[in-house]
Amino acid sequence: MSSTDMKPGIDPNTMSIIVTKGSLDWAYPPFILSTTAAAMGLDVTMFFTFYGLPLLMKDLSLQVSSLGNPAMKMPMMGMHMGMPNIVSAIPGVDAAASKMMKNLIKKKGVASIPELRDLAVEADVRMIACQMTLDLFEYSKDDMIEGIEIGGAATYIEVATQSHINLFI
Amino acid sequence: MADQLLDAKGLNCPLPILKAKKALKSMDGGKTLEIQSTDPGSVADFAAFCRTTGNELVEQNEEGGVWTYLIRKTG
């Protein structure tokens, strides 16, 4: 039996993602999965909340931080180098690490986040910005890209009840 | 000979799939698309893409680190 039998009445080609993180590295999984799912014929909804919300802003200034991230080891001088927290905490280190990451992304033919986001918009991925987060962090809908919706927990839950795949990232 | 060619060399996941989907979208049913990719992950991904979308993976080859896929639009 197929897995679709587990959710009777739900279209198997539906997916929702709750996007809760907005750093350069964590922006990738939700946008890669949403664009790919849309390319494979799925109806996709993304719900942007808390630190995920800035990923909808017109002007993206994405950064990565090596602070508290022992798994972040960059290929350098033929080896993989991590960053001790005491170094990560120095002002400017995040900016340098972010620049290094962006260079690596470009060099390896990995799409940029603005590029993936454009592709998601183009593929009619439904994007919902969390109203509470907008209020909490004092953002306005005008700061965000065109074509998004505003909603809250109930809006997401309704989507989730109609989606076969529900992810939290 | 494929009806259309997509050069996705140098692109990493998920760009070859996204660009292939875009190309297929603009093609008529029954037409074929040849994709060239240097992404080793594209082997599993194009197979999964075709299984899920119902497009036919007619053939695939690898030569010198370049994978070539021939997909017929049937999905």
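Two residues count as being in contact when their C-beta atoms, placed from the backbone, lie within 7 Å. With that criterion applied to this predicted model, residues 24 or more positions apart account for 57% of the contacts in chain B that have a separation of 6 or more.

Chain B contains two helices and four strands, and from the N terminus on these elements follow the order β-α-β-α-β-β. Its C-alpha trace spans about 30 × 25 × 20 Å along the principal axes, and buried residues make up 33% of the 75 residues in the chain. Because a compact globule with 75 residues would have a radius of gyration near 11 Å, the 11 Å found for chain B agrees with that expectation.

Turning to chain A, we find an open sheet of five strands, arranged in the order β6-β5-β2-β1-β7 with parallel pairing. In chain A, β6 (149–151) and β7 (165–168) stand at the edges, and each has a single partner strand, so one side of each is left without a neighbour in the sheet. From one strand to the next, the twist averages 20°.

Within this sheet, strand β1 (residues 14–19) of chain A pairs with strand β2 (residues 43–48) of chain A in the parallel sense over six bridges, and T14(A) stands opposite D43(A) in β2(A). Helix α6 (residues 153–161) of chain A packs on the sheet, where it touches β1, β2, β5 (126–130), β6 and β7 of chain A, and the direction of this helix makes about 150° with that of β1(A).

Terms used. Residues are numbered from 1 along each chain as its sequence is written. Chains are lettered from A and ligands numbered from 1 in the order in which they are written. This is a predicted model: local features need pLDDT of at least 70, side-chain atom pairs count only at pLDDT 80 or more; totals for chains, interfaces and linings use all residues. Two strands pair if DSSP finds at least two bridges between them. Axes are lines fitted to C-alpha atoms, for helices over the stretch in contact, and angles run from 0 to 180 degrees between N-to-C directions. The radius of gyration is taken over C-alpha atoms; the globule rule is 2.2 Å times the number of residues to the power 0.38. A residue is buried if 20 or more other C-beta atoms lie within 10 Å of its own, exposed if 12 or fewer, and partly exposed in between; C-beta atoms are placed from the backbone.
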